[in-house]
Amino acid sequence: MSFLTESQTESIATAKSVLKINCAFDTVLNIQQVFREDLTQREKVDIALHLLVKNAWNLNLFTEKEKVGILDTIFQKCIRTKEKPQIRKSIVPVLDFQEDGEYIYASFLQDYGIDLIERQGKLSWRKFVALFDGLSDKTKIRTVMRIRGIDLPEPNGRNQKQIQELLELKAYYALPVRNVQGQNGLDALFGTLEKMAKQ
């Protein structure tokens, strides 16, 4: 199925219950933040499920292993997006959905006229990602990402001012340093699900 023809998953049927799902972009971003916190894997899974499942009281019917399976199903059906080939591996991260919230908000408003705060709980994660990927180069977030990712030119005796200005911009827009686990909450989520499923 393609992005345009697949229907949005609003519920997941299990042998014990039908779970109503909320995969709005703000919910997924909150889960990303949870997976950066210093919590046990079990706590992370429980919090994530309580954010994603509208009728969360039904989660009491499931074992811990079943909960991991449910979270994995939700991840596969609602959150995971198509992998894109990486052109070059950047040592410095160029995007953080949490830290760059204001830039992303301004960019969506600029390009699409979409107020993301008004769309909380309504705009699905996959639609959000598709719109984010389509943002034009003139938007604030694209400009900031470009500054973070650009290589400094080799000094040649005539470009000191250019290098200094670029260094100042990079310092201004630099993301806070995180530990490796905190780099990408969604990667951490997927890694956690894989690990817990094997236990």
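## A buried aromatic pair

Phe-97 and Trp-125 are both buried, where buried means under 20% relative accessible area, exposed over 50% and partly exposed in between (1.4 Å probe, protein chains only). This is a predicted model, in which local features need pLDDT of at least 70 and side-chain atom pairs count only at pLDDT 80 or more, while totals for chains, interfaces and linings use all residues. Residues are numbered from 1 along each chain as its sequence is written, and side-chain values use heavy atoms, with hydrogens and water left out.

There are 10 aromatic pairs in the structure. Rings of Phe, Tyr and Trp (its six-membered ring) pair if their centres lie within 6.5 Å; planes under 30 degrees apart are stacked, over 60 edge-to-face, and the rest tilted. Phe-97 and Trp-125 make an edge-to-face pair, 5.7 Å centre to centre with 75 degrees between the planes. That pair ties together distant parts of the chain, since Phe-97 is in the loop between helix 3 and helix 4 and Trp-125 is in helix 5, 28 residues apart. Tyr-172 and Tyr-173 have ring centres 4.8 Å apart and planes at 85 degrees, so they are edge-to-face.

## The aromatic cluster

Ring pairs also join Phe-25, Phe-97, Phe-108, Tyr-112, Trp-125, Phe-128 and Phe-132 into a cluster. At Phe-132, the charged end of Arg-142 sits over the ring, 5.0 Å from its centre (the rule is NZ of Lys or CZ of Arg within 6 Å of the ring centre and within 35 degrees of the ring normal).

Take Phe-128 next: setting aside residues up to four places away in sequence, Phe-128 touches Phe-25, Phe-97, Ile-104, Phe-108, Leu-116 and Leu-123, with contact meaning heavy atoms within 4.5 Å.

Nonpolar side chains in soluble globular proteins tend to be buried together. In this model the largest nonpolar core has 38 residues, and Ile-74, Ile-79, Trp-125 and Phe-128 touch the most other members. Helices 1 (25–34), 2 (41–52), 3 (64–79), 4 (101–112), 5 (125–133) and 6 (140–149) each put in at least two residues. Helix 3 gives the largest share of this core, 7 residues. A core here is a set of buried Ala, Val, Leu, Ile, Met, Phe, Trp, Tyr and Cys residues joined through side-chain atoms within 4.5 Å.

## The chain overall

The protein chain has 8 helices and 2 strands, and from the N terminus on they run β-β-α-α-α-α-α-α-α-α. These are DSSP runs, helices being H or I of at least four residues and strands E of at least two. Of its 199 residues, 38% count as buried. Among contacts with a separation of 6 or more, 66% are between residues 24 or more positions apart.

## Two loops

Ser-17 is in the loop between strand 1 (11–13) and strand 2 (18–20), and is buried, with a relative accessible area of 10%. Beyond its neighbours within four places in sequence, Ser-17 is in contact with Ile-12, Asn-58, Leu-61 and Phe-62.

Val-177 belongs to the loop between helix 7 (160–173) and helix 8 (185–198). Val-177 counts as exposed, at 83% relative accessibility.
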